[in-house]
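Dear colleague,

Here is the structure for your files. My notes follow below.

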Amino acid sequence: MMITTQKSKEAVLSLLSPYAKLVIIGCGGCAATCQTGGSEQVKEWEEKILGGKVLASLISEEPCDERIIRRDLRRIKKELEEADAILVFACGLGVQTVVDITGKVCLPGLDSQFYGKAERIGRFFERCQACGDCLLGETGGICFLTRCPKGLRNGPCDGMIDGKCDVKEGLDCVWKTIYDRLEALGQVEKLSLIRDPEDWSDHLHPQEVIQQRGSK
Amino acid sequence: MQQLIAQLDCPITGDVETFLAAAKRLKSAGAFHLHDPGGGLSPLALGSLLQEELGKEIYLHLHPADRNRAALFSELITANAVGLEKIVLGAGQHPAKTLLKEAKPVFDLDLLQLLRMALYTKSGFDPAGRSMKGEVFLQIGVLAKVDSPLELFRLRQMVDMGADYVFLKWPSKLLILAQLPKEIGKPTYLSLALEEARGFREDDWGELKASAVAGINLRIPGGKEDEGEEVLRWYFHYLSSES
């Protein structure tokens, strides 16, 4: 899931200051789990902070899915037309999808931080870089790109001290973790493979995946 | 006789004169190892100057922390072109731990990938696989430490890949001076911080002298060149003595 944090109240108010009539959109998916953009957070902004400026609000289950948000926005079509700006409590994907559909001024209430797992509510950990070449099968299911501050494909570096990373205090060296895991799985020979560097020409931004209809 | 190498950080200022004057005071150093700590003067440029002024061997430290593969390849072929043949490849310090901590970490290559590229260059090929004009005289070494089986495994991989020599950081728990350098089978230099060397007892120096290491690489912080010279001079005389 996309892990988000809320922008500061001052930062959001500063973004909103030129606009008098607002609509608020929250996210019932990732942002709700992160407790940054779900119904509680939207309600707080609507009732306590922005008051009379808000014409309408809604929570969309997936503001990043154009089919879903387009359907949801029909419920507040009139208010949307009247609004000067839309405050979106979703990750950057959600904000940009709303922009694409409405063409309105859309302002982010959140900062997208990383793709992470939720250990429990309030504890989120980065686990994926969307590198496009998942090598978890070679590393006992542990991502070196995400969990090594240097993103080393063939670690460790000489900064590993007693199994700890010298870049981030308290962080276990992921390559030590991978080694221990492969050893436990009886797969240490996988370390013999020296991975090639990334081919960046394969990842020109912005990327896209277009599936042919009917293809698997 | 073991080679005595003084490792110096290239200054993060434009003051070449002070750097050269400090290097000149390291009379007991048989060679210099130049390392850019991040944002420093170019080791290539300083190495050329030092070689010209002092006629001593230069080891150039190359790391991928702030250079992508294009820039690293450029450094290799430029070093070759200006006659700086000895390269030491390191893993590189993350910018968050350097003076320019806000800088973007590059690490386009890791140490093993950098070694592979460097050895390929040494064989006369560019990264696109094309044969290069002119001879390549580079000798490629790696900096490593061996505190764990994993690090020892990686060191062996690098030696098998074809590294010409190895700089081993002290302390390294699995480094047995009498044994590991012979096992590695390539010239092995012990890399010591100045403070570590000053903490060595006579037994430690004796063990070092008796070992199979090809030399020591003494990491000398800026401003401590006189202390570094003291250590190197002492060890030079110790090596030369009968005891």
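At what angle do α4(B) and α5(B) pack, and how far apart are their axes? The angle is about 10 degrees and the axes are 10 Å apart; axes are lines fitted to C-alpha atoms, for helices over the stretch in contact, and angles run from 0 to 180 degrees between N-to-C directions. α4(B) is therefore roughly parallel to α5(B), a term for angles under 35 degrees.

This is a predicted model, in which local features need pLDDT of at least 70 and side-chain atom pairs count only at pLDDT 80 or more, while totals for chains, interfaces and linings use all residues. Residues are numbered from 1 along each chain as its sequence is written, with chains lettered from A and ligands numbered from 1 in the order in which they are written.

Helices (H or I, at least four residues) and strands (E, at least two) are DSSP runs, numbered from the N terminus. B:L112, B:L115, B:R116 and B:L119 in α4(B) meet B:Q157, B:M158 and B:M161 in α5(B); contact is C-beta atoms, placed from the backbone, within 7 Å.

In chain B, 8 strands close into a barrel in the order β1-β2-β3-β4-β5-β6-β7-β8, with parallel pairing; strands pair if DSSP finds at least two bridges between them. From one strand to the next, the twist averages 25 degrees. Helix α5 of chain B (residues 149–161) packs on the sheet and touches β5 (139–144) and β6 (165–169) of chain B.

As for the interface, 21 residues of chain B contact 18 residues of chain A. α5(B) supplies the largest share of chain B's side, 4 residues.

Regards

Technical notes
Contact = placed C-beta atoms within 7 Å. Parallel < 35°, antiparallel > 145°, perpendicular 65-115°, else oblique.
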